[in-house]
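Hello,

Here is the structure I promised to pass on to you. Could you have a look at it alongside my notes below?

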Amino acid sequence: MSVQRQILLNPGPVTLSERVRGALTRGDWCHREPEFAALMRQINARLVEVHPALRSGFSAATLAASGTGAVEAMLAAFAPEDGGTLVVANGVYGERMLRMLAAHGRPHQALQHGWTDAVDLGAIEAALARNPRLTHLAIVHLETTTGRWNDLEAVGALCRARGVTLLLDAVSSFGALPVESAAWNLGALAATANKCLHGAPGLSFVVASDALWQRKPPAAGSVYLDARAYHAGQHGDGFSPFTLPVQVAFALSEALAEHAEQGGTAARFALYQARAERTRAALMAAGVAPLLDPAAYSPVLASWRLPKGRSYRELHDALKALGYVIYAGQGSLGADIFRIAHMGDIRPAELDALCAALTRLCGSA
Ligand SMILES: *Cc1c(COP(=O)(O)O)cnc(C)c1O
């Protein structure tokens, strides 16, 4: 049995390439046999190859979890129990990190922004200067709530200047947007198989510096989301503490090979940029307004105001009937916006047809 091809324009999971989808039916392996240990070693080695800045001094641990699981594992492993973490939040995912730190009882300070706001560098600088106990800073690279590409060049430079360790939610950016390590004083990042890497959902990962992996584990961590236990196992005998989705690992391995063969992160950025220019031109020509100044978007995804007189449901259903799945706004933005991501296996003819449909459905009817 198969389902009709859908072009997923939601921010993950993505439409898989034939090659990656085919890997899901490769066969059955026990997760405690040496061949699977070797596969996980290879996946972790390839993950740090995705961004040149991670190639030395960093290593990965791969978990059976969605992206949220990797973010929570990262914070549980590395947010200090003494000292504190400054959380810069300008959307759902930044706020989710606040909830995680609260749930794990880790001292933190929130720097809350409005969801459409750019990060306030002056406020970050002032918060760090006021409270020297803030040794870590947590932020989202690409805030998927709106599509805002947070200014990590500036935030990272602040972290570096102050010796503050950066903990980055790179779930929607890993594999497509540039990541720096030394320039940002990056300690760790969390990301997932099924967004810009074009793997299947079910695996996510934490990449951290050698110094952080070696640091003393927290007194109160997590059992299932213990990133250090995955790291020790996968870099030791190769085995993970708990069962990993073996077939999803086959798919991730293929997706990483495809990512590298297609030219790596810079090429993926360029691919999304070409797609983003097309959808933007179609939407602007139809009179659809961006939620943010388009300069705030990355090529990965953008959010748009619903055309006058059209509900999200109507637009969604009309596009879905043609095989395209767009994404609603979250929270208070739900009634106002829709989001279009440019990840996954989208064929040129499918992009053409999407743009024609957007023009037709969004134009003043
Ligand atoms: C998708 C996403 C997550 C994680 O979402 P899951 O549904 O748990 O995979 C976390 N942060 C950001 C920025 C995201 O885009």
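The largest cavity is lined by His31, Arg32 and Phe36, together with Gly238, Phe239, Ser240 and Phe242. Please keep in mind that this is a predicted model. By class, that lining is made up of 3 nonpolar, 3 polar and 1 charged residues. The volume of this largest cavity comes to about 30 Å³, and the structure holds 1 cavity of 30 Å³ or more.

Next, the aromatic rings. A search of the whole structure turns up 7 aromatic pairs. One of them joins Trp29 and Phe250 edge-to-face, with 5.0 Å from centre to centre and 75° between the planes. Trp29 sits in the loop between helix H1 (18–23) and helix H2 (34–47), while Phe250 belongs to helix H9 (residues 246–261), so this pair ties together parts that are 221 residues apart in sequence. How accessible are the two partners? Trp29 is partly exposed, at 36% relative accessibility, whereas Phe250 is buried, with a relative accessible area of 1%.

Tyr224 and Tyr230 also make a pair: their ring centres are 6.5 Å apart and their planes stand at 85°, so this one is edge-to-face too. Tyr224 is partly exposed at 35% relative accessibility, but Tyr230 is buried, with a relative accessible area of 0%. Ring pairs link both tyrosines, Tyr224 and Tyr230, with Phe242 into a cluster, and Phe242 is also one of the residues lining the largest cavity.

Finally, a charge over a ring: Lys195 lies over the face of Tyr93, 6.0 Å from the ring centre.

Best wishes

Notes:
Residues are numbered from 1 along each chain as its sequence is written. This is a predicted model: local features need pLDDT of at least 70, side-chain atom pairs count only at pLDDT 80 or more; totals for chains, interfaces and linings use all residues. Side-chain values use heavy atoms; hydrogens and water are left out. On a 1 Å grid over the protein atoms alone, a cavity is a set of points where a 1.4 Å probe fits but cannot get out, and a pocket is an open set with protein on both sides within 12 Å along at least five of seven lines; lining residues have an atom within 4 Å of a point. Grid points are joined across faces, edges and corners, and a volume is the space filled by probe spheres set on the points. Ala, Val, Leu, Ile, Met, Phe, Trp, Tyr, Cys and Pro count as nonpolar, Asp, Glu, Lys and Arg as charged, and the others, Gly among them, as polar. Rings of Phe, Tyr and Trp (its six-membered ring) pair if their centres lie within 6.5 Å; planes under 30 degrees apart count as stacked, over 60 as edge-to-face and the rest as tilted. Helices (H or I, at least four residues) and strands (E, at least two) are DSSP runs, numbered from the N terminus. Buried means under 20% relative accessible area, exposed over 50%, partly exposed in between (1.4 Å probe, protein chains only). A charge sits over a ring if NZ of Lys or CZ of Arg is within 6 Å of the ring centre and within 35 degrees of the ring normal.
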